[in-house]
Amino acid sequence: MSTRTPIPHYSTVVKAVDLVKDYGTFRAVDGLNFELKAGGVMGFLGPNGAGKSTTLRMLVDLIRPSRGQLSLFGLPYRTHRQAILARIGCLIEKPDFYKYLSALQNLELLARASGVKDYRKRSLELMDFVGLSGRENDKVSSFSHGMRQRLGLAQCLLHDPDLVVLDEPGTGLDPQGLVDMREMIQNLHREQGKTILLSSHHLSEVEAVATDLVVVDRGHCVVQGSAKALLSQSERQIRITVGRADEALALLNAGPWAGRGRLNDRGELTGALGREEVPSAVQFLTQNGFEVYAIESRQKLEDYYMNLLNHHPTES
Amino acid sequence: MWWTALRNESVKILAKPRSYLGFLAITLLVGVILLALALDGKSYIEFVTSSLQQSLTVEGSMLNGYLVGFIILQMLVVHLPLLVALVTGDLVSGEAAMGTLRNLLTRPLSRRGLLLSKYGAAAVYTLVLLLWLGIMAVMVSPWIFGVGDLAVLSNEGLQILPAEEVLPRFLQAFGVAFAALYTVACLSVTLSCFADNSIGPIVGTMAIIMVFTLVGTLDVALFDQIRPFLFTTHMAAWRSLFLDPVPWGDILFSMVLLGAHWVLLIGVGLWTFERKDILT
């Protein structure tokens, strides 16, 4: 394994204070503040263009902030770049490798660059961990996207980092691949005690593993907190399967639930209602001649996230 | 860590098919030259020395392995900058285009160390390419044509170097040619730091060489002041090693100027690379 510079004890792995990144006149990140505690799995969420990738690139020093402070493991990048990077493994956007080298050669090269002494042994261990045993000597150009994604996870673990930054690790994976990736992330967190920062549009995957959430929009932090606390505070989403859903929505909008319902992309009526409001809403619909076939009460990250971004638009 | 990074860069250069284009091109070009001179070398020598035939009588043949080696070196040193730039112009920008620069720059290695390892790898590649040319020019040619005194045409007329002096001069000439070619390599690596694709730095390097060469050859008073300071003016400084006496002062000036170019270009490269946002 790599030789590391000792650093002081830390409880906060990432601390961003008023982080700003400008590209010319365009401000991609605008005063972002957030913290990631040691041992957590943080879901880093936001719509396209929210500044997620720019922030993640700043975390691994691919991009330098225009303003603000960024410290990792209690150390500032300016003075401790190499000590910090020795403790971070990352998979940023898509996994890119030297296509003219084999999978093992790619890992060995990156392991050497990370200062890993027994680079062959470590590379083989990780090929096994990500389920690519037997493909060590195949050129990366022959790998499918899913296999490259697995190899991408392997390369970010080469130097046994304390913090693993994963940007869209599930992109392009088939359902089995998504399950495998989720299990590997859970293993990294539970078995190996790693702190994980996970950015993904697969909200169900984030929901399955995240202990904390940060939602960003237009370069700002919209909300941050424990996943459990945030989801329990939110209003319960009710999905009602009803005949003539569009007419039912119009009726609700004209009555006491104006503005609280919407039609989802399957034509179902959904809305954020308190538990005690559900019977009266159903009664209201049936009394007005609508047939209610099913009621589903959910409290999912997807609903929370959509509700949050629809009701907390940040100023531009 | 720098040596590890240099090793990694060398592994990549060795594995890239593009790296062997230069060796293939040199082998083919030298093969063509050797074949042409073996078939019709006498006519070529008569053509080159036609202006001297009134005042000079040559007994025996001027055509030997050393002369052929000199001709090869003269012809190919013009083409080598392109072959060098083809690989070195890709060292940073090629990685940016592939996305692999992300992987490298998130390792606990300083950006300065990584870029210096690329300049180091560019030096190794340039040296090996030049060595290959040397083997073809100075070892294969004498094997085919035999050895003898070397007749070199200069501004002072025809100079004859005794055979025993030729090999040491070839060695020194390769040293000076390396200094010139490494300047080209440094230029293309530096341009590579500004780009996210490999075509730009390669074309940019060749464009700069063409413009500087044009400025160096145009007989315009305006350019007289800058001409001595252009690296292209010193690209053929190696030829002076075959003059008698050797103009050591001129050669030293060329070496210092080329060295200054290395320092300047590497400095610009480091300054740019340290501040570059990696967006690919």
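Which residues have the most contacts inside the largest nonpolar core? In this predicted model, they are V165(A), L197(A), L198(A) and V214(A) from chain A, together with V84(B), V176(B) and L181(B) from chain B. The core holds 146 residues, and its largest share comes from helix α7 of chain B, residues 163–192, which supplies 16 of them. As background, nonpolar side chains in soluble globular proteins tend to be buried together.

Before going further, a word on confidence. The predictor assigns the complex an ipTM of 0.82 and a pTM of 0.83. For chain B, the mean pLDDT is 88, with 95% of the residues at 70 or more.

Let us now pick out L198(A), one of the residues with the most contacts inside the core. Once neighbours within four places in sequence are set aside, L198(A) is in contact with a run of residues made up of V41(A), M42(A), G43(A) and F44(A), and also with L166(A), I185(A), V206(A), V209(A) and A210(A). There is also a second, separate core of nine residues, which includes A248(A), L269(A), A281(A) and F290(A).

Domain 1 covers 12–225 and domain 2 covers 235–298. Taken over C-alpha atoms, the centres of the two domains of chain A are 41 Å apart.

Next, have a look at where the chains meet. Here 24 residues of chain A are in contact with 23 residues of chain B. On the chain A side, the elements that give two or more residues are α2 (77–85), β6 (88–91) and α3 (103–113). Of these, α3(A) provides the largest share, with four residues. Sorted by class, this side of chain A has 15 nonpolar residues, four polar ones and five charged ones.

Finally, follow chain A to H202(A), in the loop between β8 (195–199) and α7 (203–209). Leaving out neighbours within four places in sequence, H202(A) is in contact with G170(A) and L178(A).

How values were computed:
Residues numbered from 1 in each chain as written. Chains lettered and ligands numbered in written order. Predicted model: local features only at pLDDT ≥ 70, side-chain atom pairs only at ≥ 80, totals over all residues. Core = buried A, V, L, I, M, F, W, Y, C linked by C-beta atoms within 7 Å. Buried ≥ 20, exposed ≤ 12 C-beta atoms within 10 Å, placed from the backbone. Contact = placed C-beta atoms within 7 Å. pLDDT = per-residue confidence, 0-100. Nonpolar A, V, L, I, M, F, W, Y, C, P; charged D, E, K, R; others polar. Domains from an automatic or database assignment.
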